[in-house]
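I opened my notebook for a new chain today and kept a running log of what I looked up. Here are the entries, in the order I made them.

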Amino acid sequence: MTKEDNQKENQKESNSKIGDKDKSSKNIECDEANSEASKVPITVDPEDAKFSNAGGKSEHMVVNFTTKRMALKIRCGNALFRVEPTHMIIEPNKCRQLTINRMPGPIQTDKAIVQYIEIEKDAQDPKAAFKAADAAGTKIAHIKIKLVAAASGGRKMSREVLDE
C-alpha cells in the first residue's frame, strides 16, 4: 500500500466515524423528543406535598412543556388546604409557581387536582376559558398532587399504646 492509499483509507475511516457520530446525535435528539416531558404537556414538581398536622406551606413548580399557551385550574375539596393561585395561564415552555397552604388539623391524606386546557394566544382570563370549555362539553385533562399530612416531629407512631 502506498502512502496515498493509506491517507485515503484513513479519510474513509474518519468519515465513517463522523457519520456514526451524526447518527448517534440524531438518536439522542429523537430520544429527547420522545422523553416523558414531551409526552406530558404539564408537570408539577414536586408531585406531592408533605405537611405536619400543625399546618404548613408547600411550593411547587408547574411547567408547560408544549408550544401552546395553557390555562390551569387548581382545586382541592378539603377545607384544610388553600391553593394559590387557583387559576393561571402558563406561556409555552415556561413555568409558574404554585403554593399550597395547609391549616392545622387532623392527620389525613388528600389530593389537589390540576386541570389544564389549551387556550388562544389572545386569551387573558383562564376562568372564562374553563367556563367555555365546560359549556362546549370539552373533556378537560388533569394531573394530581398528593397531599400528605403526618404527625409533626419525632418518629411516626401507631395509635397503639406501647408499654416499655
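Which residue caps the N-terminal end of H3? I found that Asp-125 does, with a side-chain oxygen 3.2 Å from the backbone nitrogen of Lys-127. A reminder to myself: this is a predicted model.

**Entry: the rest of H3.** I stayed with this helix, which spans residues 126-136, and listed its buried residues: Pro-126, Ala-129, Phe-130 and Ala-133. They fall within an arc of 95° seen down the axis of H3, so they line one face of the helix. On the face turned away from the buried side I noted the exposed residues Lys-131 and Ala-135. I then looked for what covers the buried residues of H3, and the cover includes E4, E6 and E8. After the helix comes Gly-137, with a positive phi near 75°.

**Entry: the overall layout.** I stepped back and counted three helices and nine strands. Along the sequence I read the pattern α-α-β-β-β-β-β-β-β-β-α-β. Of the 164 residues, 27% are buried. I also checked contacts between residues at least 6 apart in sequence, and 70% of them join residues at least 24 apart. The chain exposes about 11,600 Å², with 49% supplied by carbon and sulfur atoms.

**Entry: the cores.** The largest nonpolar core has 21 residues, and Leu-72, Ile-145 and Leu-147 have the most contacts inside it. Among the elements that give it two or more residues I noted strand E4 (69-75), strand E8 (109-119) and strand E9 (141-150). A second, separate core has eight residues, including Ile-89, Ile-119, Ala-133 and Ile-140.

**Entry: Leu-147.** Beyond its neighbours up to four places away in sequence, I saw Leu-147 touch residues including Ala-49, Phe-51, Phe-81, Ile-100 and Ala-112.

**Entry: Gln-115.** Leaving aside neighbours within four places, its contacts include Ala-71, Leu-72, Phe-130, Ile-140 and His-142.

**Entry: Val-63.** My last stop was Val-63 in strand E3 (residues 56-64). Its C-alpha atom is separated by 6.0 Å from that of Lys-94, 31 residues apart along the chain. Setting aside neighbours within four places, I found Val-63 in contact with Pro-41, Ile-42, Thr-43, Lys-94 and Cys-95.

Methods: Residues are numbered from 1 along each chain as its sequence is written. This is a predicted model: local features need pLDDT of at least 70, side-chain atom pairs count only at pLDDT 80 or more; totals for chains, interfaces and linings use all residues. Side-chain values use heavy atoms; hydrogens and water are left out. A nonpolar core is a set of buried Ala, Val, Leu, Ile, Met, Phe, Trp, Tyr and Cys residues joined through side-chain atoms within 4.5 Å. Buried means under 20% relative accessible area, exposed over 50%, partly exposed in between (1.4 Å probe, protein chains only). Helices (H or I, at least four residues) and strands (E, at least two) are DSSP runs, numbered from the N terminus. Contact means heavy atoms within 4.5 Å. Accessible areas come from the Shrake-Rupley method with a 1.4 Å probe; for residues, only the protein chains shown count as cover. The arc is that of the directions from the helix axis to the C-beta atoms. A polar contact is a pair of N or O atoms within 3.5 Å; within protein, one must be able to donate a hydrogen and the other to accept it, and residues adjacent in sequence count only if both atoms are side-chain atoms.
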